[in-house]
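I am opening my notebook on this one, with charges, rings and packing as the topics. Have a look along with me.

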Amino acid sequence: MEQKNTLTKLKNYTRKLKQNLFVLYLSYKDNRVPWYTKLVAICVVAYAFSPIDLIPDFIPVLGYIDDLIIVPLGISLALKLIPPYIIEENREKAEEIRKNGKPKNWIVAVLFILIWILLAFWAGKLLYGIFY
């Protein structure tokens, strides 16, 4: 019984988190939102919608840090910066978008791929210098 209750809470939390992502997605396009808030919202939305994570999920424990800690903290910060009336206005629109599926941000995906390639190149160069 307790396991079902925990699973239900986790599903509700995930649903609320996704709903807030769509609210941010709509809010960063709103002209009434300050530029610094838009910057935070764009970064959070782009990272969350990116098909590639900065820390890949196949890395034990660390791979899920972004999903469990970084994204929720980013969402919380962005929501605190956005005026409440704008958030409320975008909730209904966000529900429609959520039902239709999230947009993909391929620009951020390419950026993360480039970061991993550069890190691999740097690590290879470092290892080459150590062993040869």
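Helices here are DSSP runs of H or I with at least four residues, and strands are runs of E with at least two, numbered from the N terminus. I note that this is a predicted model, in which local features need pLDDT of at least 70, side-chain atom pairs count only at pLDDT 80 or more, and totals for chains, interfaces and linings use all residues. Residues are numbered from 1 along each chain as its sequence is written, and side-chain values use heavy atoms, with hydrogens and water left out.

**Entry: a lysine**

I started at Lys38, which I found in helix α2, residues 35-49. Is Lys38 buried or exposed? It is buried (under 20% relative accessible area, where exposed is over 50% and partly exposed lies in between, with a 1.4 Å probe and protein chains only). I looked for a salt bridge (a side-chain nitrogen of Lys or Arg within 4 Å of a carboxyl oxygen of Asp or Glu), and Lys38 has none. For charges, I count Lys and Arg as positive and Asp and Glu as negative, leaving out His and the chain ends. The nearest side chain of opposite charge to Lys38 is Asp30, 6.7 Å away.

The backbone of Asp30 is another matter: its oxygen lies 3.2 Å from a polar atom of the Lys38 side chain. I then listed what Lys38 touches (heavy atoms within 4.5 Å). Leaving aside residues up to four places away in sequence, I got Tyr28, Asp30, Asn31 and Val33.

**Entry: salt bridges**

How many salt bridges does a search of the whole structure find? It finds 3. In one of them, Asp30 meets Arg32 side chain to side chain at 2.7 Å, N to O. Asp30 is buried at 13% relative accessible area, while Arg32 is partly exposed at 39%.

Arg32 also has a salt bridge with Glu89, at 2.6 Å, N to O. This pair links distant parts of the chain, as Arg32 sits in the loop between α1 and α2 and Glu89 in helix α4, 57 residues apart. I have Glu89 down as partly exposed, at 40%.

Glu88 and Arg91 form another bridge, at 3.9 Å, N to O. They are 3 residues apart in helix α4, so about one helical turn separates them. Glu88 is exposed at 53%, and Arg91 is partly exposed at 29%. Shared partners join Asp30, Arg32 and Glu89 into one network of salt bridges.

**Entry: aromatic rings**

I paired rings of Phe, Tyr and Trp (its six-membered ring) when their centres lie within 6.5 Å, calling planes under 30 degrees apart stacked, over 60 edge-to-face and the rest tilted. The count by this rule is 2 aromatic pairs. Tyr25 and Tyr28 are edge-to-face, with centres 6.0 Å apart and 80° between the planes. Tyr25 is buried at 18%, and Tyr28 is partly exposed at 22%.

Trp35 and Tyr36 are also edge-to-face, at 5.9 Å and 90°. Here Trp35 is exposed at 66%, and Tyr36 is partly exposed at 44%.

Notes: A polar contact is a pair of N or O atoms within 3.5 Å; within protein, one must be able to donate a hydrogen and the other to accept it, and residues adjacent in sequence count only if both atoms are side-chain atoms.
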